[in-house]
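Welcome, and thanks for taking a look at this one with me. Below is a short tour of the strands, the helices and the ligand site.

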Amino acid sequence: MSELRVGVVGVGIMGADHAERVARQTSGARLVAVSDPDTARAEALAARLSGTAGASGAAGFGGAPGNGPVRVINDPLELIAAADVDAVILASPGFAHAEQLFACLEHGKPVLCEKPLTMDAASALQVVEAEHKVGRQLIQVGFMRRFDPEYAELKQLLDSGELGRTLLLHNVHRNQSAPPGFRSEMIVRDSMVHEVDIARWLLDAEITQITVQAPKPSSLVDDGVRDPQLAVFQLANGTMADVEVFVNFQVGYEVRCEAVAERGSATIGLGSGVFTRADGQWGGAMPADFRVRFARAYDIEVQRWVDATVRGEIDGPTAWDGYAAAAVCEAGIESLTSGRPVDVTLADKDEVLG
Ligand SMILES: NC(=O)c1ccc[n+]([C@@H]2O[C@H](COP(=O)([O-])OP(=O)(O)OC[C@H]3O[C@@H](n4cnc5c(N)ncnc54)[C@H](O)[C@@H]3O)[C@@H](O)[C@H]2O)c1
């Protein structure tokens, strides 16, 4: 396979960003097709990213040089089945993932699926089982923080044992504001899910119990929305993690993680980029957009996915990771309602994948 021909399903905020990344800056891949029920959006993106190989772009100024034409395929399942699409990026809303993942498995198409894998643990387990039946790993889940240089360095430090055994994590996850209709359970399933994956990855164990509670909500959120939320995870190896998720923080996008080990701690996400002193103030900028904070993570994630896909491999979070995260979030939503700790029940990994 000389160049991986990629199709993107769902070209809203995340999908358009990935499509652009593939068309303009990912080596060994080109964007060949996009699909979205909002056909005007898909058409506009295809026109913007279409280019002629080696030239400055068929769409003229602004086309993606060297990418070649990008076509719009209205039906996502048709895009997945298309003979000229080697691999798929799924950036449709979570509720559409299950059907589209099954189609990718049916057609043997490698897929980078944005989180969440699916909307609940039962359907996520069905995906894991269906992939296992295919006999090779085709699904990578878009937990991109694992590719963020700061998180990767933290993981390396903890795994090196230099600080002794890791005991716990403190996490903070704040957004400037959430879109209208972002309900309490979405804070768990769509936002906290990143810390669920990071805790499993950094602490190297499954989460066995989760407690999610909430203080009185911010007066700036819609009635009934429990924002911020505070969660505690217990892991199978005796470690623990906590996380504050506050999706209407007003100020900007902030993701921090402090790992506490036997002989020291390590913190990432302090945002200590350019520090200015001007106009009687000191400090740095705090962008509101997660695409700015995690730009490098997305770039590395997609480049490594392309490279691994060409080799016929997976190089990142697996369908099992997506399933485990879905199971923890489901328990987390139950805990948010009851205020009590909820045990996480996972299928036996060896039995499912054995
Ligand atoms: N990894 C991350 O940091 C990150 C960040 C943001 C979003 N996401 C995930 O990316 C996915 C998309 O989120 P978004 O923020 O881009 O949402 P969005 O609403 O901006 O875009 C979703 C797009 O999907 C289209 N769509 C709706 N139903 C569809 C279907 N059945 N098939 C194909 N397309 C369909 C919509 O028309 C829209 O253009 C979600 O799974 C979300 O959780 C991940």
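## Starting with strand pairing

Two strands pair if DSSP finds at least two bridges between them. With that in mind, strand β8 (residues 207–213) and β9 run antiparallel and are joined by six bridges. Within this pairing, Q209 stands opposite Q234 in β9. The model is a predicted one, so let us check its confidence before going further.

## How confident is the prediction?

The average pLDDT over the protein is 94, and 97% of the residues score at least 70. A stretch to treat separately is residues 53–61, where pLDDT stays under 50. For residues 53–61 the model has 21 contacts beyond four places in sequence.

## The parallel sheet

What is the strand order of the open sheet with parallel pairing? This sheet has six strands, arranged as β3-β2-β1-β4-β5-β6. At its edges stand β3 (71–72) and β6 (139–141); each has a single partner strand, so one side of each is left without a neighbour in the sheet.

Further in, strand β1 (residues 4–9) runs parallel to strand β4 (residues 87–90), and four bridges join them. Helix α4 (residues 97–106) lies across β1, β4, β5 (111–113) and β6. Relative to β5, helix α4 runs at about 165 degrees.

## The ligand site

How many residues surround the ligand? There are 24, and the closest are G10, G12, M14, S92 and E114. Among the contributing elements, helix α1 (residues 13–25) gives the most to the shell, with three residues. Sorted by class, the shell around the ligand has 11 nonpolar, seven polar and six charged residues.

## Antiparallel strands and hairpins

Strands of a sheet pair through backbone hydrogen bonds, either parallel or antiparallel. A hairpin is formed by β9 and β10, with four residues between them, and G238 in the turn has a positive phi of about 90 degrees.

In a regular strand the side chains alternate between the two faces of the sheet. Which residues of strand β9 make up its covered face? They are Q229, A231, F233 and L235, while L230, V232 and Q234 form the uncovered one.

Another antiparallel set involves strand β11 (residues 254–261). Strand β7 (residues 166–174) pairs with β11 over eight bridges in the antiparallel sense, and R174 stands opposite E254 in β11. Strand β12 (residues 264–268) also pairs with β11 in the antiparallel sense, over five bridges. In that pairing, A259 has A266 in β12 as its bridge partner. The hairpin joining β11 to β12 passes through two residues.

## A helix pair

Helix α6 (residues 149–160) packs with helix α7 (residues 184–203) at an angle of about 35 degrees, and their axes are 9 Å apart. On the α6 side, Y151, L154, K155 and L158 meet I198, W201 and L202 of α7. By class, this contact of α6 with α7 has six nonpolar, no polar and one charged residues.

Terms used. Residues are numbered from 1 along each chain as its sequence is written. This is a predicted model: local features need pLDDT of at least 70, side-chain atom pairs count only at pLDDT 80 or more; totals for chains, interfaces and linings use all residues. Two residues are in contact if their C-beta atoms, placed from the backbone, lie within 7 Å. Axes are lines fitted to C-alpha atoms, for helices over the stretch in contact, and angles run from 0 to 180 degrees between N-to-C directions. pLDDT is the predictor's confidence in each residue, from 0 to 100. A residue is near a molecule or strand if its C-beta atom, placed from the backbone, lies within 6 Å of it. Ala, Val, Leu, Ile, Met, Phe, Trp, Tyr, Cys and Pro count as nonpolar, Asp, Glu, Lys and Arg as charged, and the others, Gly among them, as polar. A residue is buried if 20 or more other C-beta atoms lie within 10 Å of its own, exposed if 12 or fewer, and partly exposed in between; C-beta atoms are placed from the backbone.
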